[in-house]
Every structure is written in C-alpha cells, then in structure tokens.
Amino acid sequence: MAQPRILILGAPGAGKGTQSANITDEFDVEHVTTGDALRSNKQMDISDMDTEYDTPGEYMDQGELVPDEVVNAIVDEALSQADGFVLDGYPRNLEQAEELEGMTDLDVVLYLDVSEEELVHRLTGRRMDPETGEIYHVEYNPPEDPEIEERLEQREDDTEETVRERLRVYRENTEPVVEYYDDQGTLERVDGEQAPDDVWESVKETIESTA
Ligand code: AP5
C-alpha cells in the first residue's frame, strides 16, 4: 500500500492525538496537527492579518478558533512536504473543508465518536509530559514512573470552563464538517468510547480495509 492520506475527525478529547501517534508508527506517515503547530507559535504576530487578536494564543486560551488564514497556510505548507499523513485538528469548519479539497485528496476519513460527558472527563484529566510530549490521563492512563508523574503538566485550555467553550465551538463549527463527509459517503465511524487499545484495533482495521 502507498503511504495513506488519512483525515482524523472527532471532538476535543475524542482521542485524535492518541490514535494519530499509533497511526504514524504503524503506517509510517507524518502527523500533521494544527493544535501542536499553533501551540508552538502561540506568540506569533498576526496583527497585520486584520484579525481580532494579535496572536494565536489569545484565541486558543479562550477555546476559540484561530482565523482560517493562519491555519490554512500552516496546513498547506505541511501537506506539501508529506507523502502520506494523518491530518488532525483540520478542517474545523466548512470553509477549511473546502480549502482542503484544493490541497490534497484523502484516502480515509475517520471519525471518533465519543459522548460529551466522557469528553469533559478525558480533557480535564489529561496531562502531558513536557519532555517527551507523551499524553497521559490521571485516571485512565497514569505514568508508572513517579519522576514522570512529578513533571506532568496540564494544558492551559484543559480547564473545565475552557473545555465547555471548546465543545460549544466544536458543535457549532465542526459538526457540520462531519456531516459534510458523511453526506459524501466517505466518513468511517469508529466507536471512540472503547479502551484505547480497542479503539486502535478498530482504527487500524478501518484504514487497512479503506485505504
Ligand atoms: P487541538 O490541539 O486540535 O485540540 P482539540 O481538537 O481540542 O483536541 P485535543 O488535542 O484536545 O484532543 P484529542 O482528540 O487529540 O484527544 P487526546 O488523544 O489528547 O486544538 C487546540 C486549539 O487550537 C483549538 O481550541 C483552537 O483554538 C486551535 N486550533 C487547532 N486547529 C485549528 C483549526 N483547524 N482552525 C482554527 N483553530 C484551530 O485524548 C484526550 C485524553 O483522553 C488524554 O488524556 C488521553 O489519555 C485520554 N484518552 C484518549 N483515548 C482514550 C480512550 N479510548 N479511553 C480513555 N481515555 C482516553
């Protein structure tokens, strides 16, 4: 199989980052993630773009979407350098979905389906290892090594208030994107509420049978 071009959709906390890490290992593709790219550029000066705020970080810390102009440029550049990829965090509205059609074709469109209460629980309990970027959860997936546990950090937008706002923005802007691919008949639904290894089994099988 040539390196697949995979889009992974799902609400905040659905497990896109967790499953994208498995996909990159198994299928030898690039992980193109707008969330990580923007977190590395939170202080970038975008004041000349006629935007409401002067940096991406100001949008992110409130759970709002960063303007399309900024994100489209990041994705276009990253996809032009990748043969196969798993795209995570984009498109987040219909305008971005249309933009993506002009950038590349997709072999698989995955959707991780998870209920809202579970999403809140996952995000407020998520912790990151700042040294390795590894994702943990205080209850579902705590680190065994006490030294790692000691240095774990919570993402600034994982407080309950910002999580609720991110979910509202998701319902308003990104659910129509899920419907858009569903209407095209390309959406592959995966039950994202299973244990992480079982979600991975389903994701892997879906990619192998679709790509
Ligand atoms: P982004 O970083 O993309 O955040 P997100 O979409 O909100 O997704 P998350 O990373 O929070 O969740 P995830 O689905 O990856 O879950 P994870 O695997 O970590 O975006 C952040 C911000 O950037 C946005 O709010 C916006 O401002 C901006 N932005 C990004 N893209 C943009 C765009 N295109 N346009 C405009 N603005 C944009 O899992 C979550 C937790 O659950 C972890 O603790 C994990 O251990 C646990 N977990 C995972 N799977 C399971 C399971 N099966 N069972 C139990 N626990 C599990």
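UniProt positions are quoted here in the numbering used for this model, with feature names shortened, and such annotations may be inferred rather than shown by experiment. With that in mind, the unreviewed UniProt entry puts a "binding site" feature at Gly13, Ala14, Gly15, Lys16, Gly17, Thr18, Arg126, Ile135, Tyr136 and Gln194. The model itself is predicted, so local features need pLDDT of at least 70 and side-chain atom pairs count only at pLDDT 80 or more, while totals for chains, interfaces and linings use all residues. Residue numbers start from 1 along each chain as its sequence is written.

As for the overall fold, the chain holds nine helices and seven strands (DSSP runs numbered from the N terminus: H or I of at least four residues for helices, E of at least two for strands). The C-alpha trace spans about 45 × 45 × 30 Å along its principal axes. The radius of gyration is 17 Å, which agrees with the value near 17 Å for a compact globule of 211 residues; it is taken over C-alpha atoms, and the globule rule is 2.2 Å times the number of residues to the power 0.38. Of the contacts with a separation of 6 or more, 71% link residues 24 or more positions apart, a contact being two C-beta atoms, placed from the backbone, within 7 Å. Buried residues account for 27% of the 211 (buried: 20 or more other C-beta atoms within 10 Å of the residue's own; exposed: 12 or fewer; partly exposed: in between; C-beta atoms placed from the backbone).

Now the ligand. Around it sit 35 residues, with Pro12, Gly15, Gly17, Gly35 and Arg126 coming nearest; a residue is near if its C-beta atom, placed from the backbone, lies within 6 Å. Elements supplying at least two shell residues each include helix H1 (16-27), helix H6 (116-124) and strand S6 (135-137). By class, the shell splits into 16 nonpolar, twelve polar and seven charged residues (nonpolar: Ala, Val, Leu, Ile, Met, Phe, Trp, Tyr, Cys and Pro; charged: Asp, Glu, Lys and Arg; polar: the others, Gly among them).

Two of the annotated positions are worth a look. Glycine 15 lies in the loop between strand S1 (5-10) and H1, and counts as buried because it has 24 C-beta neighbours inside 10 Å. Beyond four places in sequence, its contacts are Gly10, Leu112, Gly192, Pro196 and Val199. Tyrosine 136, in strand S6, is partly exposed, with 17 other C-beta atoms within 10 Å. Leaving out residues up to four places away, tyrosine 136 touches Arg127, Asp129, Asn141, Pro142, Pro143 and Leu152.
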